Amino acid sequence: MTQPYSTARLIASRQPGFSLPRELYCGEQALQDDLQQIWYREWVFAIPSCEIARTGSFSTLQLGEYPVIIVRGADGRVRAFHNVCRHRGQRLCPKTSGSSPKLVCPYHQWTYDLDGKLLYARDMGEGFDPSRYGLKPVHCADIGGMIFVCVAPVPPSLADLAQNLMRYVGPSALAESKVAHSSTIIEKGNWKLVLENNRECYHCGGSHPSLCRTYSDDPLMTVMEGPNAASPEILAHWDRCDKANLPSRFVHGDNMQWRLARVPLMDDAESFTMSGKAAVSRRMGTIPWNDAGALMFYHFPSSWNHFLPDHAIVFRILPISPTETEVTTKWLVHKDAVEGEDYDLQKLTEVWLATNDEDRRVVEENQAGILSPAYEPGPYSPSQEAGVIHLVDWYCATMTERLGLQTAAE
C-alpha cells in the first residue's frame, strides 16, 4: 500500500459531519498530499495589488516548496515568477518585499528585466543564448485589487470567481488603497485547523471579547442558503444595499470553495473597532454609508477577508509543516488617508490583532489535543459549524477526486 492511497483511504473512511481522522491534521504524508493536490493546483491569494503599486515593486511568498516573486513591470502589469535564478538556482529575492528597477541575483549578479527576460550574465562564453534563461513564470491574476497565483502548469478556471469578486469588491476600490499595517504570525496548527476555526463563530463568545462588540456570534448572521434565503435582519440589509446598487447578496462557487456576502454589524456598528465607530474618517471607494456592514469573502484554501466602508482586512494562510501555518493579515485604507489625521493605527488594528492572537491560542490547543492518540473525530454542530462542514466537504471531495486515479491504479 502506498502513502497516497493511505490518505485517500482515511478520507474515504471519515464520517460525514464529523471532524477528520488524526493523521490528516498532523501527518507528514497528508501534508505532502495536500500540497500536491490542493496548494500546487489551486489559485492562492497572495497580496493586495496596492502593495506593489509602483514599477519595480515586488513581494515574495513561500508556497510549500515553491518560492514565488510577484512584481509590477514598467508596463504596469503584475507578473509572478518562480523566485529562482536560472544560473545555479539561488533564490533571487530573499526579502519579503521591496522595490528594484531590475531583478538581480545576489550570487553572481545575473540580471533580469521586470518581465522576466535575462538581461545580463557575465562571462558565459560564446554561443550563450540569454533568451533561453528567462525567469520561469507563475500564473498570476489581479482580480479587483486582489492578486492570486497558481503554480500548476494549467490553472483552474477563474471566470466565475473573477466575475463575482470584481462586482462585489469593486465599490471598495482596492486598487486605490494602501497597506496601513501588516502582521504575520505562525500558528502551531495544521492549515485545515486554522481554516476550520475561521469558518465558525461557535467559539467566539468565549474567545473573542473585542470582536464580539461588533460581530455577532449568532449563526443566523452567517448561515445563508442563497440570495433570498437568510435571516430577516440580513434580508433587510440586502434590500437596503440593492437600492444603492451595492452588491451584497450571497453568492458562492462550486462546493462552497468561495463565498461572498455583505452582512450588517451589530447595533448599526460601522467598523471592527472597540467603539463600533469607523476607524478611518476617509471612506473607501464608493460605499454609500458608514454602516454598510462587512462584505465577507473567503476562498479555499488560502484566504478570508472583510471589506468595510472605512477599511479592508485581507488574510492569507500558507502551510509550513503538518502542524504549522503562517497567517498574514493586512489592513487597507484609502491611499490618501493620513495616519494620525484620518486614522489612528492602534484603533484600526487592535480588534483583529487581539482576535488573531486569540485564534492562534485556540488553534494551538486544538492541535495539541489532536496530537493525542486518544483523539477521535467528533461531530460538528449543523447550525453553529455549517461553514466548517462546507470546508471539510470541499476538502474531502477535492482530495477524493484527485487521489482517485492513484487509488484505482493501486
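This is a short tour of the structure above, one selection at a time.

**Before you start**

The model is predicted, so keep its limits in mind: local features need pLDDT of at least 70, side-chain atom pairs count only at pLDDT 80 or more, and totals for chains, interfaces and linings use all residues. Residues are numbered from 1 along each chain as its sequence is written, and side-chain values use heavy atoms, with hydrogens and water left out.

**Stop 1: the two domains**

Colour residues 44-150 as domain 1 and residues 159-371 as domain 2; such bounds come from an automatic or database domain assignment. The C-alpha centres of the two domains lie 30 Å apart.

**Stop 2**

A word on terms: helices (H or I, at least four residues) and strands (E, at least two) are DSSP runs, numbered from the N terminus. Two strands pair if DSSP finds at least two bridges between them. Strands of a sheet pair through backbone hydrogen bonds, either parallel or antiparallel.

Now trace an open sheet of seven strands in the order β11-β17-β16-β15-β14-β13-β12, paired antiparallel. Which strands are at its edges? They are β11 (177-187) and β12 (251-252), each pairing on one side only.

Zoom in on β15 (residues 303-307) and β16 (residues 312-321), antiparallel strands joined by five bridges. Select Trp-304 and you will find its bridge partner, Phe-315, in β16.

**Stop 3: helices on the sheet**

Show helix α4 (residues 159-169), which packs on the sheet and touches β12, β13 (258-263), β14 (294-299) and β15. Contact here means heavy atoms within 4.5 Å. The direction of α4 makes about 20° with that of β13; axes are lines fitted to C-alpha atoms, for helices over the stretch in contact, and angles run from 0 to 180 degrees between N-to-C directions.

Next, select helix α8 (residues 345-370), which lies across β11, β15, β16 and β17 (324-334). The helix α8 runs at about 20° to β11.

**Stop 4: a cis peptide bond**

Go to the loop between β14 and β15, where Pro-301 lies. A cis peptide bond joins Phe-300 and Pro-301, with omega about 10°.

**Stop 5**

Strand β4 (residues 78-82) is joined by two bridges to β9, and the two run antiparallel. Pick Phe-81 and look opposite: Pro-137 of β9 is there.

On to β9 and β10, an antiparallel pair with five bridges. His-139 has Cys-150, in β10, as its bridge partner. The hairpin of these strands has two residues between them, and Gly-144 there takes a positive phi near 60°.

Now find the open sheet of three strands, β6-β7-β8, with antiparallel pairing. Why is one side of β6 and of β8 left without a neighbour in the sheet? Both β6 (103-104) and β8 stand at the edges with a single partner strand, so one side of each has no neighbour in the sheet. Two bridges join β7 (residues 111-112) to β8, and Thr-111 stands opposite Tyr-120 in β8.

From there, follow the loop between β8 (118-120) and β9 (137-143) to Asp-123. The phi of Asp-123 is near 55°, a positive value in a residue other than glycine.

**Stop 6: where the domains meet**

Finish by showing both domains together. Here 16 residues of domain 1 are in contact with 21 residues of domain 2. The buried area is about 1500 Å², and carbon and sulfur atoms give 75% of it; buried area is the accessible area (1.4 Å probe) that two parts lose on being put together, summed over both.

How many salt bridges does the rule find across this interface? It finds one, a salt bridge being a side-chain nitrogen of Lys or Arg within 4 Å of a carboxyl oxygen of Asp or Glu. Select Glu-51 and Lys-330 to see a salt bridge whose closest N and O atoms are 3.3 Å apart.
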